[in-house]
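Thanks for coming, everyone. Let me put the structure up, and then we'll walk through it.

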2 protein chains.
Amino acid sequence: MIPPDAKLVFNGVIFDVYQWQQVMFDGSFQTFERLKRPDTMLIIAVQDDKILICEDEQPHRGVKLALLGGRADEGETPLESAKRELLEESGMVAQDWELFKTYVPIAKMEWNIHYFIARNISKIAEPDLDTGGERITLRSVTFDEFIELATQPDFGAGEFAADILRMKIDGTISEFRERLFRS
Amino acid sequence: MIPPDAKLVFNGVIFDVYQWQQVMFDGSFQTFERLKRPDTMLIIAVQDDKILICEDEQPHRGVKLALLGGRADEGETPLESAKRELLEESGMVAQDWELFKTYVPIAKMEWNIHYFIARNISKIAEPDLDTGGERITLRSVTFDEFIELATQPDFGAGEFAADILRMKIDGTISEFRERLFRS
């Protein structure tokens with residue numbers, strides 16, 4: 001989406017800004033601008049008959065319920081990143097990983113949100129949190145509670161909520177449940 | 001969301017980047033970064049028993065179906081901006097404007113998408129397009145076609161699609177129809 005000859009004009013803490021000259025329909029040129037940020041991993045962590053989520057508190061905002069997950073580090077694949085985030089935030093590892101879906105929330109930004117399903121999880125360590133930057137409390141919810149949460153505005157990306165709502169409408173939500181809890 | 005003492009560190013064509021020092025839970029500081037971009041207006045333009053949308057072609061991507069609308073200019077209110085966009089793209093004015101809802105798609109960006117309902121529209125001029133930058137062809141769709149389109153991934157913001165899907169589930173979609181077509 002960002003052409004290979006685009007110029008990096010700002011290199012930020014999270015966001016990089018690229019610009020390039022785009023040929024228009026009438027042959028003129030216009031400066032186009034797009035952003036790039038590290039991908040985000042979100043983990044649907046299945047433990048027995050529950051889904052593990054968290055109360056996530058950050059210094060600049062209050063507490064909110066969220067999926068476990070976080071930002072990719074430089075050079076990580078999405079799966080490596082998801083495994084690291086699960087371990088850091090919960091001290092857990094999963095035997096069975098599956099990519100549920102990748103969303104691209106914003107047209108003008110190279111940014112993917114990868115939703116992973118993590119099955120057969122077990123605790124092998126204590127959480128290793130960036131204690132200055134976040135306070136995370138683990139919580140377990142049932143599938144129905146998860147669906148209720150996931151379709152709330154502001155829980156996650158709108159397109160994930162829309163996909164869950166489409167499953168409710170077309171009757172495939174029970175297939176989604178089976179997919180999460182299969183062993 | 002961006003604190004008043006944040007520093008503008010990059011001033012782009014569309015995106016501005018701000019940074020500030022955020023006190024963390026342990027008393028340390030971390031550089032936080034947020035973006036700002038002009039608000040987007042999207043117009044549900046009601047003409048008789050149809051909704052006016054467009055085929056929008058831009059030089060860097062193909063044709064896509066979209067609501068009329070666009071980006072706010074400096075100093076415009078959302079309503080002023082919506083009126084200007086409707087006139088530029090369709091040559092039309094509306095007698096009756098109502099803000100349907102404002103969405104904030106991304107937590108790390110000051111960016112609102114305002115959905116307006118425009119009723120009693122009539123043509124007073126030819127469209128005044130930026131002919132280098134876009135080719136717009138007007139199309140009329142029925143309410144059912146609009147709902148079908150609006151709930152497709154990639155038609156618009158995910159949260160708007162999610163709201164339409166929630167209306168389908170809770171049975172308020174007919175109220176939405178009445179709201180659009182009331183005179």
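Start with strands E2 and E3 of chain A, residues 16-23 and 29-36. They run antiparallel, and eight bridges join them. To find your place, look for A:Gln19, which stands opposite A:Glu33 in E3(A). Keep in mind that this is a predicted model.

Now zoom out to the sheet. In chain A, four strands make an open sheet in the order E1-E2-E3-E9, and the pairing is mixed. Its edge strands are E1 (7-11) and E9 (109-110), and each pairs on one side only.

Over to chain B. Here an open sheet of four strands runs E1-E2-E3-E8, again with mixed pairing. Strand E1 (7-11) and strand E8 (109-110) of chain B are at the edges with a single partner strand each, so one side of each has no neighbour in the sheet. E1(B) pairs with strand E2 of chain B, residues 16-23, in the antiparallel sense, over four bridges. Within that pairing, B:Phe10 stands opposite B:Val17. Remember B:Phe10. We'll meet that residue again.

Next, the core. Nonpolar side chains tend to be buried together in soluble globular proteins. In this model, the largest nonpolar core has 64 residues. Among those with the most contacts inside it are A:Tyr115, A:Phe146, B:Ile44 and B:Phe146. So what does B:Phe146 touch, leaving aside its neighbours within four places in sequence? The list is B:Ile44, B:Ile51, B:Leu67, B:Val141, B:Phe160 and B:Phe176.

On to charges. How many salt bridges are there over all chains? The count comes to 31. Let me pick a few.

First up, A:Arg119 and A:Asp96. Their side chains meet at 3.1 Å, N to O. They sit 23 residues apart, A:Arg119 in strand E10 (residues 113-123) and A:Asp96 in strand E8 (residues 92-103) of chain A. Are these two buried or exposed? A:Arg119 has 2% relative accessibility, under the 20% cut-off, so this arginine counts as buried. A:Asp96, at 25%, counts as partly exposed.

Next, A:Glu98 and A:Arg182. Their closest N and O atoms are 3.2 Å apart. This pair links distant parts of the chain, 84 residues apart: A:Glu98 is in strand E8 of chain A, and A:Arg182 is in the segment after helix H4 (173-181). A:Arg182 is partly exposed, at 44% relative accessibility.

Now a pair within a helix. B:Arg84 forms a salt bridge with B:Glu88, at 3.4 Å between the closest N and O atoms. They are four residues apart in helix H1 (residues 78-90) of chain B, so about one helical turn separates them. B:Arg84 is buried, at 17%. B:Glu88 is partly exposed, at 27%.

Salt bridges link A:Asp73, A:Glu76, A:Arg84, A:Glu85 and A:Glu88.

Last stop, the interface. Chain B and chain A each give 48 residues to the contact. The area buried between them is about 3,700 Å², with 69% from carbon and sulfur atoms. Here is B:Phe10 again. With B:Phe25 and B:Glu33, this residue supplies 19% of the area that chain B buries against chain A, more than any other three residues.

What about polar links? The interface has zero salt bridges. Eight residue pairs are in polar contact across it. On the chain B side, the elements giving two or more residues include E1, E2 and strand E5 (50-58). Helix H3 of chain B gives the most, with eight residues.

That's the tour. Over to you.

Technical notes: Residues are numbered from 1 along each chain as its sequence is written. Chains are lettered from A and ligands numbered from 1 in the order in which they are written. This is a predicted model: local features need pLDDT of at least 70, side-chain atom pairs count only at pLDDT 80 or more; totals for chains, interfaces and linings use all residues. Side-chain values use heavy atoms; hydrogens and water are left out. Two strands pair if DSSP finds at least two bridges between them. A nonpolar core is a set of buried Ala, Val, Leu, Ile, Met, Phe, Trp, Tyr and Cys residues joined through side-chain atoms within 4.5 Å. Buried means under 20% relative accessible area, exposed over 50%, partly exposed in between (1.4 Å probe, protein chains only). Contact means heavy atoms within 4.5 Å. A salt bridge is a side-chain nitrogen of Lys or Arg within 4 Å of a carboxyl oxygen of Asp or Glu. Buried area is the accessible area (1.4 Å probe) that two parts lose on being put together, summed over both. A polar contact is a pair of N or O atoms within 3.5 Å; within protein, one must be able to donate a hydrogen and the other to accept it, and residues adjacent in sequence count only if both atoms are side-chain atoms.
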